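This report covers a helix pairing and a group of aromatic rings. The sequence and model come before the details.

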Amino acid sequence: FSFFFSFFVKLGNIDFEDVIVAFDTWNEEKESYGLPLDQLPVLVVDGFTLCQTTAIERFAATKGNFFS
């Protein structure tokens, strides 16, 4: 995740699980994740999937009350 996402999550006391996918297993695993654009990063919250760094950062900023 980006610096800004980490910043908003830490200051906003937002719990999340960071799943790191190894490069050598990426091709085998990417289909099992159901990624909307077949790329990372992806944030899944209550069954809702966000992709693209800026969208994820905005979500974290809003959730942490840093952005309205």
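Which residues in H1 meet which residues in H3?

## Contact of H1 with H3

The model is predicted. On the H1 side the contact is made by Phe4, Phe5, Phe8 and Val9, and on the H3 side by Ile56, Glu57, Ala60 and Ala61. By class, the residues of this contact are 7 nonpolar, 1 charged and no polar.

## Helix geometry

Helix H1 covers residues 3-11 and helix H3 covers residues 53-63. The two pack at an angle of about 15°, and their axes are 8 Å apart. Angles under 35 degrees count as roughly parallel, and H1 and H3 are therefore roughly parallel to each other. The crossing in which H1 passes H3 is left-handed.

## Aromatic pairs

There are 5 aromatic pairs in the structure. In one of them, the ring centres of phenylalanine 3 and phenylalanine 7 lie 6.1 Å apart with the planes at 25°, so this pair is stacked; the cut-off for stacked is under 30 degrees. Phenylalanine 3 and phenylalanine 7 are 4 residues apart in helix H1, and are therefore separated by about one helical turn.

Phenylalanine 3 has 61% relative accessibility and so counts as exposed. Phenylalanine 7, at 37% relative accessibility, counts as partly exposed.

## Ring cluster

Phe3, Phe4, Phe7, Phe8 and Phe66 are linked into a cluster by ring pairs. Among them, Phe4 and Phe8 are also residues of H1 that meet H3.

Notes:
Residues are numbered from 1 along each chain as its sequence is written. This is a predicted model: local features need pLDDT of at least 70, side-chain atom pairs count only at pLDDT 80 or more; totals for chains, interfaces and linings use all residues. Side-chain values use heavy atoms; hydrogens and water are left out. Axes are lines fitted to C-alpha atoms, for helices over the stretch in contact, and angles run from 0 to 180 degrees between N-to-C directions. Angles under 35 degrees count as roughly parallel, over 145 as roughly antiparallel, 65 to 115 as roughly perpendicular and the rest as oblique. A crossing is left-handed if the near helix is turned anticlockwise from the far one by less than a right angle, and right-handed if clockwise. Contact means heavy atoms within 4.5 Å. Ala, Val, Leu, Ile, Met, Phe, Trp, Tyr, Cys and Pro count as nonpolar, Asp, Glu, Lys and Arg as charged, and the others, Gly among them, as polar. Rings of Phe, Tyr and Trp (its six-membered ring) pair if their centres lie within 6.5 Å; planes under 30 degrees apart count as stacked, over 60 as edge-to-face and the rest as tilted. Buried means under 20% relative accessible area, exposed over 50%, partly exposed in between (1.4 Å probe, protein chains only).
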